[in-house]
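Hi everyone, thanks for making time. I'd like to walk you through some side-chain contacts, so let me put the structure up on the screen.

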Amino acid sequence: MTDYEKLHSGEIYDPNNEDIFKEQIKCLDRLYDFNATRPTELEKRAEMLKEMLAEVGENCYIEPPFHSNWGGKHVHLGNNVYFNFNATLVDDTHIYIGDSTLIGPNVTLATAGHPILPELREKALQFNLPIHIGKNCWLGAGVIVLPGVTIGDNTVIGAGSVVTKDIPANVVAVGNPCKVLREINEHDKKYYYKDRRIEY
């Protein structure tokens, strides 16, 4: 198996492989162009995302600046996905995000990791594990999601959390490391924020 084939295998590989670099630099050139678009060029941005990303549904938006190891080449978006400023997608392997998920500013989704053993890190070796984020989730500002993590549908991840392990559906989870605080419940059907009542 070549280093390029190992990108999506979970195995250790050399990310400085020449074939990998050649492909990656093309993606980064396109990402540069995306980040250079004007705020009025919304249609151009939408078209560029369709070219850059592995999959992109209807009504998706990524607010520049957008940072990505592969320019979004391994990013899969459902419909109505929104990214605020400074999204960092370490997409050395696949990142899957379901419909209607909201991503706050300065969020990092990192599929890449490095071995703990110093002798392996000296060689700059790397491994990648996919990230799965469900439908209708909300990741608050500054959230970091680590390699191999799955977040279930409808879940809210509090601002500044570091998600090191899977988080189930229909919960509010916060902290470093991120842990389930509570389930989404009847109170949430009446109040949108603390004591602020929803007016249906």
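Let's begin with Arg 182, which counts as partly exposed because its relative accessibility is 32%. Please keep in mind that this is a predicted model. Arg 182 meets Asp 188 in a salt bridge, at 2.8 Å from N to O. Asp 188 is partly exposed too, at 23%.

Glu 18 is exposed at 55%, while Lys 22 is partly exposed at 46%.

Helix H2, residues 42-52, has a pair spaced by about one turn as well: Glu 47 and Lys 50, three residues apart. Their side chains form a salt bridge at 3.6 Å, N to O. There is also a network of salt bridges, and it links Arg 30, Asp 33 and Glu 51.

Now, the rings. How many aromatic pairs does a search of the whole structure find? Three. In one of them, Phe 34 and Phe 66 have ring centres 6.1 Å apart and planes at 85°, so this pair is edge-to-face. Phe 34 lies in helix H1 and Phe 66 in strand S3, so the contact ties together parts 32 residues apart in sequence. Phe 34 is buried, at 0% relative accessibility, and Phe 66 is buried at 0%.

Then we have Tyr 61 and Tyr 82: with centres 6.0 Å apart and planes at 10°, they are stacked. This pair links strand S2 to strand S5, 21 residues apart. Tyr 61 is partly exposed at 22%, and Tyr 82 is partly exposed at 30%.

Definitions and conventions:
Residues numbered from 1 in each chain as written. Predicted model: local features only at pLDDT ≥ 70, side-chain atom pairs only at ≥ 80, totals over all residues. Heavy atoms only, no water. Phe/Tyr/Trp six-rings, centres within 6.5 Å; stacked < 30°, edge-to-face > 60°. Helix = DSSP H or I, 4+ residues; strand = E, 2+ residues; numbered from the N terminus. Buried < 20%, exposed > 50% of the residue type's maximum accessible area, 1.4 Å probe, protein only. Salt bridge = Lys/Arg side-chain N within 4 Å of Asp/Glu carboxyl O.
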